[in-house]
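Please follow the account below with the sequence and the model at hand.

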Amino acid sequence: GVRQCHSRAVVVGYEDVRKPILTIQDAIAAQSFYPFPGPQQVLSVGDAPAAIAASAHIFEGEISCGTQYHFHMETHTTVCLPEDQGYTVYSSTQWTDLTQSAVATVLGIPVSSVDVRVKRLGGAYGAKITRGHQAAAACALGACLTRRPVRMHMDIDTNMQMVGKRFPFYAQFKVILIALILCVVCAHFVFMRTCVVAPKLFKDYNRVESFHLF
């Protein structure tokens, strides 16, 4: 309604605009990577280099999968109520404790002062694992400044812009009769490297004898 019209009237300007990096291939060409927190991790099973060196038949190639919109049934929604001893947050989140931590961090209060409740998600498909924290934190900040309840219900356009898409994958592989080497580069969040990539390898472990993930 009126609020959406007012929000669209805001014009944001940017300085030092550079060529955007939109694909994993672009990131590799520009050598633009997020630093991995902690020591470098290597997942190695068997002796893949030796198996490849001993093979007379090697197949090489690459495969990629683009991004996908989540298209959950309902957009991100949050209601934040200021209480005497803190805040009650009704959030459509898949990760309640991280939503609690996000709100507490933004407001500078202990996590024990934030009560997060989830009645229903309205569909999620992974899009409400981390993105719900942004809506919850924004509502909490408004409730803190006004000392009144604040509700946010995103329209579909804003929701899709904020959430982004599922992660793309790009793999370069070598396949022989007894071994498979798989290299997957995640384009977005570093922590998804272990949350998404590693489980896929372990799931397929019974079908390969050797692989090397770095």
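In this predicted model, strand β3, residues 77–83, pairs with strand β4, residues 86–91, in the antiparallel sense, and 6 bridges join the two. Among the bridged residues is E83, whose partner in β4 is G86.

These two strands belong to an open sheet of 4 strands, arranged in the order β5-β4-β3-β6 and with mixed pairing. Why does one side of β5 and of β6 lack a neighbour in the sheet? Strands β5 (114–117) and β6 (150–153) stand at the edges and have a single partner strand each, so one side of each is left without a neighbour. On average, and with direction ignored, neighbouring strands of this sheet are turned by 15° against each other.

Helices accompany the sheet. Helix α4, formed by residues 96–107, packs on the sheet and touches β4 and β5; the direction of α4 makes about 145° with that of β5. Helix α5, formed by residues 132–146, lies across β3, β4 and β6, and runs at about 150° to β6.

The model contains 1 cavity of 30 Å³ or more, and the space in the largest cavity is about 60 Å³. Which residues line the largest cavity? The lining consists of Y69, H70, F71 and H72, together with I156, N159, M160, V163 and G164.

Confidence should be kept in mind when reading the model. The protein chain has an average pLDDT of 81, and 82% of the residues score at least 70. Over residues 183–193, however, the pLDDT is below 50, although this stretch has 33 contacts in the model beyond near neighbours in sequence. Residues 205–211 likewise stay under 50 in pLDDT; for residues 205–211 the model has 18 contacts beyond four places in sequence.

How values were computed. Residues numbered from 1 in each chain as written. Predicted model: local features only at pLDDT ≥ 70, side-chain atom pairs only at ≥ 80, totals over all residues. Heavy atoms only, no water. pLDDT = per-residue confidence, 0-100. Contact = heavy atoms within 4.5 Å. Pairing = 2+ DSSP bridges. Axes fitted to C-alpha atoms, helices over the stretch in contact; angles between N-to-C directions. 1 Å grid on protein atoms, 1.4 Å probe; cavity = no way out; pocket = protein on both sides within 12 Å on 5 of 7 lines; lining within 4 Å. Points joined across faces, edges and corners; volume = space filled by probe spheres on them.
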